[in-house]
Amino acid sequence: MRFPRQLLSAFLGALALVAMLLTAGPASAHDAAESSSPADGATVATAPATVSITFNNTPLGLGSQVKVTDAAGTDWADGPVQIVDNVASQKLREGAPAGKYTVVWRVVSSDSHPIEGTFAFTATAAAAGATSAPVQTLGTPQPGATQATETAPDSSEPFPWSIVVFAAVALGLLVTLGVLARRRLGVGDGDNDGAAQTPMDGRGRTEG
């Protein structure tokens with residue numbers, strides 16, 4: 001039994017469409033984050049040593065980035081992102097203060113498409129090594145003792161006396177050279193006048 005040509009073309013077209021849908025369906029769905037640690041909106045005792053994001057597939061290590069910023073905008077991320085299986089982890093520096101933290105992450109999914117997201121958590125206390133109060137630059141005087149007041153250094157620049165002395169010496173040398181040059185010119189003119197008068201006197205005595 002032979003199929004008509006139009007019916008065969010329609011059957012092949014439908015078969016190709018089904019194959020395209022089957023192959024494009026899984027490829028179009030990028031990897032997604034399933035959970036995070038700490039969880040989004042969670043409150044923890046102190047800022048953790050590491051934050052992590054768990055994905056439904058293993059992301060690529062190229063171009064991964066995780067920023068963990070506090071309320072003041074300071075990034076506490078320390079070192080590169082570590083990816084083990086389907087978990088991307090980011091270490092934090094020691095001494096993170098208490099307060100709210102925002103985690104912004106960006107990775108490349110297993111299908112080579114970049115994906116990104118964000119979550120937040122709150123630390124009720126500062127982590128170990130955090131500075132709770134600013135360090136005083138001046139010592140606190142003991143009771144009954146008077147603390148010496150340090151004289152603030154003069155911020156104005158000193159007068160450039162060396163330049164003035166150099167200019168005076170240079171000017172003196174120029175004046176001296178000028179005087180010597182004038183004396184030499186005067187002596188040269190006197191010698192030329194005497195040399196010119198000698199033949200005239202001789203000619204006078206010869207003519208007489």
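Two residues are taken to be in contact when heavy atoms of theirs lie within 4.5 Å. On this definition, among the contacts in the protein chain that join residues at least 6 apart in sequence, 59% link residues at least 24 apart. The model is a predicted one, for which local features require a pLDDT of at least 70 and side-chain atom pairs count only at pLDDT 80 or more, while totals for chains, interfaces and linings use all residues. Residues are numbered from 1 along each chain as its sequence is written, and side-chain values use heavy atoms, with hydrogens and water left out.

The secondary structure of the chain comprises 2 helices and 8 strands, where helices (H or I, at least four residues) and strands (E, at least two) are DSSP runs numbered from the N terminus. In sequence order these elements follow the pattern α-β-β-β-β-β-β-β-β-α. Of the 208 residues in the protein chain, 15% are buried, a class defined by a relative accessible area under 20%, with exposed meaning over 50% and partly exposed lying in between (1.4 Å probe, protein chains only). The accessible surface of the chain amounts to about 15,800 Å², and 61% of this area belongs to carbon and sulfur atoms; the areas come from the Shrake-Rupley method with a 1.4 Å probe, and for residues only the protein chains shown count as cover.

Strands of a sheet pair through backbone hydrogen bonds, either parallel or antiparallel, and two strands are treated as paired here if DSSP finds at least two bridges between them. An open sheet of 4 strands has the order β2-β8-β7-β4, with mixed pairing. From one strand to the next the twist averages 30 degrees, the axes being lines fitted to C-alpha atoms (for helices over the stretch in contact) and the angles running from 0 to 180 degrees between N-to-C directions. Strand β2 and strand β8 (residues 114-125) run parallel and are joined by 4 bridges, and within this sheet T43 stands opposite T122 in β8.

A further open sheet of 4 strands is arranged in the order β1-β3-β6-β5, and its pairing is antiparallel. Its edge strands are β1 (33-37) and β5, each of which pairs on one side only, and neighbouring strands are turned against each other by 20 degrees on average, direction ignored.

Residue S52, located in strand β3 (residues 50-55), is buried with a relative accessible area of 15%; not counting residues up to four places away in sequence, S52 touches S36, S37, V87, A88, S89 and F119. Residue A88, found in strand β6, is likewise buried, its relative accessible area being 0%. The C-alpha atoms of A88 and S52 are 5.5 Å apart in space, although the two residues are 36 residues apart in sequence. With residues up to four places away again left out, A88 touches V51, S52, I53, F55, V81, Q82 and I83.

Residue Q90 belongs to strand β6 (residues 87-91) and is buried, with a relative accessible area of 1%. Its side chain forms polar contacts, that is, pairs of N or O atoms within 3.5 Å in which, within protein, one atom must be able to donate a hydrogen and the other to accept it, residues adjacent in sequence counting only if both atoms are side-chain atoms. The side chain of Q90 reaches the backbone oxygen of G79 at 3.1 Å, and a polar atom of the Q90 side chain lies 3.2 Å from the backbone oxygen of D78. Beyond four places in sequence, the residues that Q90 touches include A49, T50, V51, V66, A77 and P80.

A nonpolar core is a set of buried Ala, Val, Leu, Ile, Met, Phe, Trp, Tyr and Cys residues joined through side-chain atoms within 4.5 Å. The largest such core holds 20 residues, of which V66, V68, Y101 and W105 touch the most other members. Strands β3, β4, β7 (99-108) and β8 each supply at least two residues of this core. Apart from neighbours within four places in sequence, V66 is in contact with V51, I53, A77, V81, Q90, V103, V104 and W105.
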